[in-house]
Amino acid sequence: MRNQQATQLLSELSHPGRVAVHWPPCDVPEQPIEDIIPSNFLADEAPKLPELTEGEVVRHYTNLSTKNMSVDTHYYPLGSCTMKYNPKRNERLASLPGIVDLHPYQDQSTIQGMLQLLYELQGIFSEISGLPACSLQPAAGAHGELTALMAAAKYFKSIGEDRKVVLAPDSSHGTNPASAQMAGFKAVSIKSDPNGGVDMDDFRKKLTDDIAVLMITNPSTLGLFEKNMREIADAVHEKGGLIYLDGANMNAILGIARPGDFGADMMHYNPHKTFSGPHGGGGPGAGPICVTEKLKPFLPSPIVEKDGDRYKLDFDRPDSIGRVRSFFGNTGVLVRAYCYILSHGPEGLREVSENAVLNANYLLSKVKHFLPVPRGERCMHEFVASASELKKERGITAMDIGKRLLDYGFHAPTVYFPLTIPEAIMIEPTETESKETLDAFVQTLFKITEEDAELLHEAPHTTPISRPNEVQAARSPCLRADFCSS
Ligand SMILES: *Cc1c(COP(=O)(O)O)cnc(C)c1O
């Protein structure tokens, strides 16, 4: 059971004179602070830091950590985000001193092991994607989108073409049109057909001669493999455009289908989703991208190359868009992905996807009897149910259901995304959950749909805070206690 008490702030727990650490007396001559920092940079008074013992601080943060949900404590069926179990082996290997104690400015001859790992990972990502060139630099999936689109823009410039339009289906993640806009393109949305795929008539209408890129999430955020993928890719290529695959849903097709084979020219991975890197709470991710040979010159610099039996960072890439991230990218996340991939091997990765799809179809077959799933009898790794009938009949919304699940110890699924399904509840079980957990989740979900509407409107009832104003929390976050007025 989660801790329900309101938490006192460290400043409220503070007692003057309490300390965590007793330093030994200084045994070298003390230097006046003004000799080190110019006096105009010095504060007039010391900051009012809380004074506590180490034990009080540890207890405070340990208790705080239990007020949140995590993959290690709760089932977390968050659609599109692939919240799978994060194997502890990855953590152990990623924190080996030979990895965490490296400094990015070390001479390349002293970081050959890390360079080898990154080089091999570039190759592994290329093999899984069917796209021969790879950059590990982008720091997140959305950053990978932007980086690849910037590379595409530079590619079109290099061949003297002025292309402006980036197409993306209306079920796409909001980052797709945002990245297109930031890379200097005009984002144009394509409608979905009644089955959740790309509406081919609308696609043909919007496929103009100045198409630069079509961005597509396949399998889509509805958990459906795009039936017309080949036809779409061929039509875009015929116009001289490129296909970008949003790889957030790679967990459904590892070792089964390769984006490079079904028409993609560029893609990103989300190692923190597909390859079990811990994420959530805005934690670090990575967004490596893979592209075709003709786009390779435009990838960010440096890329890790092999020179005889040595590995080196190749900066000599005159057409590159330049750096998009300091040093080599978020290597901690990349090392975890490398461990995960090598510990599964090719057959193991294929099994990951097969089981992710199996688990999703098992849940779909149970959930659809009490929460309609408007698109698809079958799904890939996730599916989208809708609470719109419940809302019409009893006023119960997707939000109510998501919030109430917290009371029963389940993290809420993704709600209200994609925008094409009203009262969307997007469920992605992942392959790391047992049948017992899935059954318990379905039973709870069903029970909630039978509960009193008033009880649901006020859920959650067991968390320290029930329903914050989400818009205000996002638009004007108040992160410092002494600045909060209410
Ligand atoms: C998560 C996600 C992204 C963005 O990835 P980040 O790593 O969060 O930046 C893009 N598209 C889809 C479909 C996603 O699920």
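Which of the 13 residues around the ligand come nearest? They are S80, G141, D246, H272 and K273, where a residue is near a molecule if one of its heavy atoms lies within 4 Å of it. Before going further, please note that this is a predicted model, in which local features need pLDDT of at least 70, side-chain atom pairs count only at pLDDT 80 or more, and totals for chains, interfaces and linings use all residues. Residues are numbered from 1 along each chain as its sequence is written, and side-chain values use heavy atoms, with hydrogens and water left out.

**The ligand and its shell**

| Residue | Atom on the protein side | Distance to a ligand oxygen |
|---|---|---|
| G141 | polar backbone atom of G141 | 2.8 Å |
| A142 | backbone N or O atom of A142 | 2.8 Å |
| N270 | side-chain N or O atom of N270 | 2.9 Å |

Taken alone, the ligand exposes 380 Å², and the protein buries 87% of that. These accessible areas come from the Shrake-Rupley method with a 1.4 Å probe; for residues, only the protein chains shown count as cover.

Which elements give two or more residues to the shell around the ligand? They are helix 7 (141-158) and helix 11 (271-274). Helix 7 gives the most, with three residues. Helices (H or I, at least four residues) and strands (E, at least two) are DSSP runs, numbered from the N terminus. By class, the shell has three nonpolar, seven polar and three charged residues. Here Ala, Val, Leu, Ile, Met, Phe, Trp, Tyr, Cys and Pro count as nonpolar, Asp, Glu, Lys and Arg as charged, and the others, Gly among them, as polar.

**Annotated domains**

UniProt, in an unreviewed entry, places "domain: Aminotransferase class V" at residues 150-280. Over residues 150-280 the chain is 29% helix and 19% strand, and the end C-alpha atoms are 27 Å apart. For "domain: Glycine dehydrogenase C-terminal", UniProt lists residues 353-455, again as an unreviewed entry. Over residues 353-455 the chain is 50% helix and 10% strand, with the end C-alpha atoms 38 Å apart. UniProt positions are given in the numbering used here, feature names are shortened, and annotations may be inferred rather than shown by experiment.

An open sheet of three strands has the order 10-12-11, with antiparallel pairing. Its edge strands are strand 10 (383-386) and strand 11, each of which pairs on one side only. Two strands pair if DSSP finds at least two bridges between them; strands 10 and 12 have four bridges, in the antiparallel sense. Among the facing residues, S386 stands opposite A424 in strand 12, and F383 has I427 of strand 12 as its bridge partner.

How do the side chains of a regular strand sit? They alternate between the two faces of the sheet. In strand 10, F383 and A385 point one way and V384 and S386 the other, and all are buried. Buried means under 20% relative accessible area, exposed over 50%, and partly exposed in between (1.4 Å probe, protein chains only).

**Backbone details worth a look**

Two cis peptide bonds can be found in loops. N218 and P219 are joined by one with omega about 0°, and P219 sits in the loop between strand 4 (211-217) and helix 10 (229-238). Another joins S301 and P302, with omega about -5°; P302 is in the loop between strand 7 (289-291) and strand 8 (303-307).

T82 has a positive phi of about 45° although it is not a glycine. Its place is the loop between helix 3 (54-65) and helix 4 (88-94). Is T82 buried or exposed? T82 is buried, with a relative accessible area of 1%. Y416, also not a glycine, has a positive phi of about 60° and lies in the loop between strand 11 (414-415) and strand 12 (424-427). Y416 is partly exposed, at a relative accessible area of 31%.

Finally, I128 lies in helix 6 (residues 112-129) and is buried, with a relative accessible area of 13%. The C-alpha atoms of I128 and A257 are separated by 8.6 Å, although the two residues are 129 residues apart along the chain.

Note on methods: Polar contact = N/O pair within 3.5 Å; in protein donor to acceptor, adjacent residues only side chain to side chain.
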